[in-house]
Amino acid sequence: MRVVEGGDKTQLQHFDEIALQDPSTQRLAGSVDDGMVTYVSRSKLWGFPDYTTARLRGGRLEIYGRSRFGRSDFAVNATRIDNWLRLLIERG
C-alpha cells in the first residue's frame, strides 16, 4: 500500500484521471464522489487482471494494488502505482 498524507478529493480526482490514461486500465467500481475507486489493469500478453484501489481515509489517499491470480506479480503493481504517484506529484 502507498499512502499520500493530506489526501483530498482533488487528489483522488487527479489520480483517477492518471489511472484512466493507462490504456490497460479501466474503472471497475466506485467513483471519486464515493471516495473510493477500484481499477482493473490487464497484462499485455495474457490479459491477467490486477486490481488497484484508491481511497480517501482520514485525510490520506491510500492506494493498494494486488494480483487477481497467483502469489507474485513480479512487482508489476508496485511499479504501476509508483508511476501513477510520480505523475500525481508532478501534476501538483
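Trainee: Which hand does the crossing of helix 1 and helix 2 have?
Mentor: Happy to start there. This is a predicted model, so local features need pLDDT of at least 70 and side-chain atom pairs count only at pLDDT 80 or more, while totals for chains, interfaces and linings use all residues. Residues are numbered from 1 along each chain as its sequence is written, and side-chain values use heavy atoms, with hydrogens and water left out. A crossing is left-handed if the near helix is turned anticlockwise from the far one by less than a right angle, and right-handed if clockwise; helix 1 passes helix 2 in a crossing that is right-handed.

Trainee: How are helix 1 and helix 2 oriented to each other?
Mentor: Helices (H or I, at least four residues) and strands (E, at least two) are DSSP runs numbered from the N terminus. Axes are lines fitted to C-alpha atoms, for helices over the stretch in contact, and angles run from 0 to 180 degrees between N-to-C directions; the axes of helix 1 (residues 9-21) and helix 2 (residues 76-91) come within 10 Å and cross at roughly 125°. Angles under 35 degrees count as roughly parallel, over 145 as roughly antiparallel, 65 to 115 as roughly perpendicular and the rest as oblique, which makes helix 1 to helix 2 oblique.

Trainee: Which residues of helix 2 make the contact with helix 1?
Mentor: Contact means heavy atoms within 4.5 Å. Helix 1 brings Q11, H14, F15, E17, I18 and A19, and these meet, on helix 2, W84, L85, L87, L88 and R91.

Trainee: What class of pair do the rings of F15 and W84 form?
Mentor: Rings of Phe, Tyr and Trp (its six-membered ring) pair if their centres lie within 6.5 Å; planes under 30 degrees apart count as stacked, over 60 as edge-to-face and the rest as tilted. The structure holds three aromatic pairs. For F15 and W84, the centres are 5.6 Å apart and the planes stand at 75°, so the pair is edge-to-face.

Trainee: How many residues apart in sequence are the parts that F15 and W84 tie together?
Mentor: Both F15 and W84 are buried, where buried means under 20% relative accessible area, exposed over 50% and partly exposed in between (1.4 Å probe, protein chains only). F15 lies in helix 1 and W84 in helix 2, so the separation in sequence of the parts they tie together is 69 residues.

Trainee: Which residues do ring pairs link into a cluster?
Mentor: F15 and W84 have their ring centres 5.6 Å apart. The cluster linked by ring pairs consists of F15, W84 and Y39.

Trainee: Is D22 buried or exposed?
Mentor: D22 is found in the loop between helix 1 and strand 2 (25-31). Leaving aside neighbours within four places in sequence, D22 is in contact with R80 and W84. With a relative accessible area of 18%, D22 is buried.

Trainee: Is D33 buried or exposed?
Mentor: D33 lies in the loop between strand 2 and strand 3 (36-42). D33 has a relative accessible area of 65%, so D33 is exposed.

Trainee: How far apart in space are R91 and H14?
Mentor: R91 lies in helix 2 and, neighbours within four places in sequence left aside, is in contact with H14, E17 and I18. R91 and H14 are 77 residues apart in sequence, and their C-alpha to C-alpha distance in space is 8.2 Å.
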